[in-house]
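Try each one on your own, then follow the worked solution.

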Amino acid sequence: MSEHKIQRRMTIRNLLQREKAFLIFILLMVAFPFVLGTITGTGINHGVTKFWQGQLIVFFVMAVVAMSYDLLIGYCGILSFGHAAFFGAGAYTTALLFTHWAPSFSTKYRIFIPGGGDITGILIFAFVILMAVLASVLVGLLFSATSVRLKGAYFAMLTLALAEALHILAKASDFIKWTGADEGLHGVPVPAWINPTQFRPRFYFIALVFLFVSYLFIRRFTNSPAGKVIIGTRENEERVRMIGYNPVTYRTLTFVVSAIFAGLAGAMFSMWNMSATHSMTSTVITVNALIMVILGGMGTLVGGIVGAGLLQAFSHFFYDWFGPRWPLMFGLIFIISVLFFPYGIVGTWRLKRLQIKEGWARLIALLAVKKE
Amino acid sequence: MTKNIILRAENLRKAFGGLIAVDDVSIEVQQKTMHAIIGPNGAGKTTLFNLLSGTMPPTKGKVYYKDNEITSLPPHQRAHLGIGRSFQITNIFPNLTVLENVRLAAQALGGDNFRFLSHVGTFGDYIDKAMAVLAQVGLAGQENVYARSLAHGEKRKLELGIMLACDPELLLFDEPTAGMSSEQVPELIEIIKKVVNRKERTAILVEHRMDMVMNISDFITVMSQGNVIAEGTPQEIANNQLVQKAYLGDFYGELL
């Protein structure tokens, strides 16, 4: 009874061992601006170093989108085409509040801590982020409410319709006063201390911490008792129900957690661009999330990060090489990847590693029998 | 009279469009007995079973568990009352390990299901319980094997383990030996006997293997064409002319 695959206690050493690859990646990313700044001699807030940090910020944010999508499709087995709605809800809430609410609020009221420091800016920031999360959670709850009756492709179609409805709302000229309709909101007055053009490295590290914390949280979530039930729901919904779990409850929980992270990513993205446009609620976001997860590997979580990195790299270099027709070339790469890595890059790698390990075990067993 | 009756169904009826699969069936299950439901193919056994376990709502009629009506209670709430069920077609979590299959079931009624910030490893009780159940159903040593790579007979045992890990008072078996080879059947029957008697549980068994039913059940309900045609102890059923004519004779003839 001593050797279990499930570890009894999670120690720091355990964590270091399990998440080795991820932690190395984070360390590399921490070192990146300093190393590149030193090599090119530009300093970390200028020139090419600043530019590449910008590329990586988008990668970090999209990696969180991919992970939140993986939670739905890879862990809970829900095919949803409405992920852009979570992302867009977070992005628009952030931009709308910073544009229309925060300036008037901060001129009318100032909030001080007893010592005398002005914390109005911090409170406004926290409130906006909270509202962004709340907005995307509401959309998530709407989605999960419809999943009670609809399954599979029908559900996917409905989520697509709901997300498109949000897209149309964002584009609607009826709300031009608030949302800027087709134009979108531009030059959103984000707090000065987080301004991505002024303080690029600061925004870079905030985005990196965001990715780091999101990964650890989602990873822990998938390893928790609740997460295991969610995986069970993917595997066999009927069985899960028969042993006393209500699958609807767990699907709702998945939607809420997924929406929180997608919404936060949306908030980050709108602050990064200092804008919110209707393209942030369009199906392109959903399709990108899907591509990233499939490319990296469903149900692996790390796969989403790998997929986001690849998509970001391809979109950058392919644009340079092929011009605006780059998605055509990328599509080719995607088809090849699906043919050769059917479980995604991370998924196929893990499968091969497992098969090789099992192969050695079989060989050893064979040799042991021969000796006798 | 209802003192010793754990499960009672009154005038159950299930119609699929024009087809009446279960027609006005009333059944009473005594506590701490092995109650078998038998009948030829298409008799409505599995439909009745689905009505009792809550997988389908009945068109008409009521189901009582310990004198409480549970007719419209969904299956996951019935599980919390202490009703567990196995399926005719093997129903496990194929891509999880054997241990995780059973651990998930052990966790179900524990009250930690919404802990989403703690690692499962911190809840050792469920792992221990799962290990104990695996030993009981004869799957010890296979904990880390993926359920999909088990042999068919072992999958049936695993399914039994999943059901047992919930600690049900009433076990519903839907043809537990379906698809097993004759050599494997006695072993599974022994396990079923053991788990039902050890804690004095109640079991309802749908089966078409006559030899098995006659050996292990205390009470038998015979169904045919959606109706109950006979009820009684194995002895009474074996001697029942009607049953012999309608079902047993043919069936034995087919089997032997």
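**Exercise 1.** Find the order of the strands in the open sheet of six strands in chain B, and work out which strands stand at the edges.

*Solution.* Start with the order, which in this predicted model is S6-S7-S8-S3-S9-S10 of chain B, with mixed pairing. Next, look at the ends: S6 (83–85) and S10 (227–232) of chain B each have a single partner strand, so one side of each has no neighbour in the sheet. Finally, follow the twist, which averages 15° from one strand to the next.

**Exercise 2.** Describe how S3 and S9 of chain B pair, and name the helices that pack on the sheet.

*Solution.* Begin with S3 (34–38) and S9 (219–224) of chain B: they run parallel and share four bridges. Ala36(B), for instance, has Ile220(B) as its bridge partner. Then turn to the helices. H1 (45–53) of chain B touches S3, S6, S7, S8 and S9 of chain B, and its direction makes about 150° with that of S7(B). H5(B) touches S6 and S7 of chain B, making about 155° with S7(B).

**Exercise 3.** Characterise the contact between chain B and chain A.

*Solution.* First, count residues: 44 of chain B are in contact with 35 of chain A. Second, take the area buried between them, about 3,600 Å², with 66% from carbon and sulfur atoms. On the chain B side, His76(B), Phe116(B) and His119(B) lose the most area, together 19% of what that side buries. Third, look for charges: there is one salt bridge, where Arg239(A) meets Glu159(B) with the closest N and O atoms 3.1 Å apart.

Note on methods. Residues are numbered from 1 along each chain as its sequence is written. Chains are lettered from A and ligands numbered from 1 in the order in which they are written. This is a predicted model: local features need pLDDT of at least 70, side-chain atom pairs count only at pLDDT 80 or more; totals for chains, interfaces and linings use all residues. Side-chain values use heavy atoms; hydrogens and water are left out. Contact means heavy atoms within 4.5 Å. Buried area is the accessible area (1.4 Å probe) that two parts lose on being put together, summed over both. A salt bridge is a side-chain nitrogen of Lys or Arg within 4 Å of a carboxyl oxygen of Asp or Glu. Two strands pair if DSSP finds at least two bridges between them. Helices (H or I, at least four residues) and strands (E, at least two) are DSSP runs, numbered from the N terminus. Axes are lines fitted to C-alpha atoms, for helices over the stretch in contact, and angles run from 0 to 180 degrees between N-to-C directions.
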